[in-house]
Amino acid sequence: MESNFNLNGKIALVTGSAGGIGWATAKTLARYGASVILNDIKSKELLEERKQEIKRDFNSEADALQFDVGDFDAVQNAYNDIFKKYKRLDILVNNAGSLFDNLVGMIRKQDIEQTFSTNTNGVIYNLQSAARLMQRNKSGSIINIASIVGRVGNEGQVVYGGSKAAVIGITLSAARELAPKNIRVNAIAPGFINTDLIKFLSPTIFNQRLNSVKMKRIGQPEDVANAVLFLASDLSSYITGQILGVDGGMIM
Amino acid sequence: MDNIQKLIKTFTESLEIEPEIVTDELSYGSSSWDSIAHLALVASIEIEFDIMLSSDEVIDMSSFKKAKEILGKRGIQF
């Protein structure tokens, strides 16, 4: 029986895919047949290694584009490259993100600007260019990685939470606007996930967060990647404008 | 079909207007050329001429005359 998760022939761009959730997502989409375009702001060498790994492990097409998602011109140039090479884009995963924690009263202007540049502006820049490529084929799926913090808030995360709440607002509006073009826009709100972003947490905070997860385990990047796979695939072809929590029943 | 005919065709089909209306005076906001039709027009032009326009070009394309100028800068001769 043919898998409903079959992504053969689909072109997918995953931003921030050198590590963590983005890397797990890129591998999952490749495993199910998509040609994956990796992106990160990190070193070209690392991206090239990741690209070769995808090609080797999944016998799949892969590409790597190094650019800053918060740089408007760089994003446009990247989509020009995608257009020239593939003439299409089927799946966009807006995953690139920057974590900034600080209490109210200790937030600098540059911290706000940098966090919003990556987490929020970058989502709009990519979504806009992707939608223009997708509308040519009257089909596409855009998945924005938000956060549980953008839904319910968290102490010390006014900036990060604000930037991720904005991602939810972007998702809801874009879903309404792009539905007539058969472009679906959904978001995933991960909870406590085992990535580099949490390795600086103190043991006390780590345990506090873990205790707030009803399933009593930390989420793995693959848990989020599997949700992305569902939203990228035809199994979710009638689903748009939804915010899917991947949080093990977490209460902040 | 030469380039000017191709461009006129994208305008007539995207805006659902007659070819004789497609002159240099045709501008955004006139006839059926609203914001929704504009994006359909842009997509149609991009497919016809196999290019991807920048956001600034999409916004600046406010008339048939301007469309020719923008495409001209992309090496498409009229």
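Tutor: A residue is buried if 20 or more other C-beta atoms lie within 10 Å of its own, exposed if 12 or fewer, and partly exposed in between, with C-beta atoms placed from the backbone. This is a predicted model, where local features need pLDDT of at least 70, side-chain atom pairs count only at pLDDT 80 or more, and totals for chains, interfaces and linings use all residues. Residues are numbered from 1 along each chain as its sequence is written, with chains lettered from A and ligands numbered from 1 in the order in which they are written.

Student: OK, Lys87(A): buried, exposed or partly exposed?
Tutor: Lys87(A) counts as partly exposed, because it has 14 C-beta neighbours inside 10 Å. Lys87(A) sits in the loop between helix 3 and strand 4 (91–94) of chain A. Helices (H or I, at least four residues) and strands (E, at least two) are DSSP runs, numbered from the N terminus.

Student: And what is the phi of Lys87(A)?
Tutor: Near 65°, a positive value in a residue other than glycine. Most residues other than glycine have a negative phi.

Student: Which residues of helix 3 of chain A are buried?
Tutor: Val75(A), Ala78(A), Tyr79(A) and Ile82(A). They cover an arc of only 95° around the axis, so they lie on the same side of helix 3 of chain A. The arc is taken over the directions from the helix axis to the C-beta atoms.

Student: What do those buried residues pack against?
Tutor: Strand 1 (11–14), strand 2 (35–40), strand 3 (62–66) and helix 4 (109–134) of chain A. Contact here means C-beta atoms, placed from the backbone, within 7 Å.

Student: Switching to chain B. At what angle do helix 1 and helix 2 of chain B pack?
Tutor: About 145°, with the axes of helix 1 (residues 3–15) and helix 2 (residues 35–49) 9 Å apart. Axes are lines fitted to C-alpha atoms, for helices over the stretch in contact, and angles run from 0 to 180 degrees between N-to-C directions.

Student: Which residues make that contact?
Tutor: Helix 1 of chain B gives Lys6(B), Thr10(B), Phe11(B), Glu13(B), Ser14(B) and Leu15(B). Helix 2 of chain B gives Ala37(B), Ala40(B), Leu41(B), Ser44(B), Ile45(B) and Glu48(B).

Student: Where is Asp50(B)?
Tutor: In the loop between helix 2 and helix 3 (55–60) of chain B. Asp50(B) is exposed, because it has 10 other C-beta atoms within 10 Å. Its phi is positive too, near 55°.

Notes:
Contact = placed C-beta atoms within 7 Å.
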